[in-house]
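Dear colleague,

Please find the structure below, together with its sequence. A summary of the findings follows it.

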Amino acid sequence: KAPKNSHNCWGYAIYGSNLKKFPNYSAAIDAVSHSLSAEYKQIGLITPEDIMRKYTPSSNGSWAKGVSHFMGELQNTNL
């Protein structure tokens, strides 16, 4: 659930009272993609399980499971 008028449906840079907003979904996709590449992929964190260990280390695995679920849905969608 994206916060109203944020164009941020990833929960990117949302913690506590902080809320990262974008002017549109295109800008949001660019920012989130750049962050994933620079902060995770370039240091070898590729899978949701790898990313979870850095992004949300206190997760019991549910974060990676949820991400994997939606990645699977996207891969099985004819776009």
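**Findings around helix 2 and beyond**

Tyr 55 is partly exposed at 40% relative accessibility, where partly exposed lies between buried (under 20% relative accessible area) and exposed (over 50%), using a 1.4 Å probe and protein chains only. The model is a predicted one, in which local features need pLDDT of at least 70 and side-chain atom pairs count only at pLDDT 80 or more, while totals for chains, interfaces and linings use all residues. Residues are numbered from 1 along each chain as its sequence is written, and side-chain values use heavy atoms, with hydrogens and water left out.

Aromatic rings were examined next. Rings of Phe, Tyr and Trp (its six-membered ring) are paired if their centres lie within 6.5 Å; planes under 30 degrees apart count as stacked, over 60 as edge-to-face and the rest as tilted. This rule gives 2 aromatic pairs. In one of them, the ring centres of Tyr 55 and Trp 63 are 5.3 Å apart and the planes stand at 45 degrees, so the pair is tilted. Trp 63 is partly exposed, at 28% relative accessible area.

Thr 56 sits in the loop between helix 2 (48–55) and helix 3 (62–75); helices (H or I, at least four residues) and strands (E, at least two) are DSSP runs numbered from the N terminus. With a relative accessible area of 19%, Thr 56 is buried. Apart from neighbours within four places in sequence, Thr 56 is in contact (heavy atoms within 4.5 Å) with Ile 51 and Trp 63.

How many salt bridges does a search of the whole structure find? The search finds 1 salt bridge, defined as a side-chain nitrogen of Lys or Arg within 4 Å of a carboxyl oxygen of Asp or Glu. Arg 53 forms it with Asp 50, and their closest N and O atoms are 2.9 Å apart. The two residues, Arg 53 and Asp 50, are 3 residues apart in helix 2 and therefore separated by about one helical turn. Arg 53 is exposed, with a relative accessible area of 57%.

The loop between helix 1 (25–39) and helix 2 holds Thr 47, which is partly exposed at 32% relative accessible area. Although Thr 47 and Ser 68 are 21 residues apart along the chain, their C-alpha atoms are separated by 8.6 Å.

Finally, Trp 10 is located in the segment before strand 1 (14–15). Trp 10 is partly exposed, with a relative accessible area of 38%.

Yours sincerely
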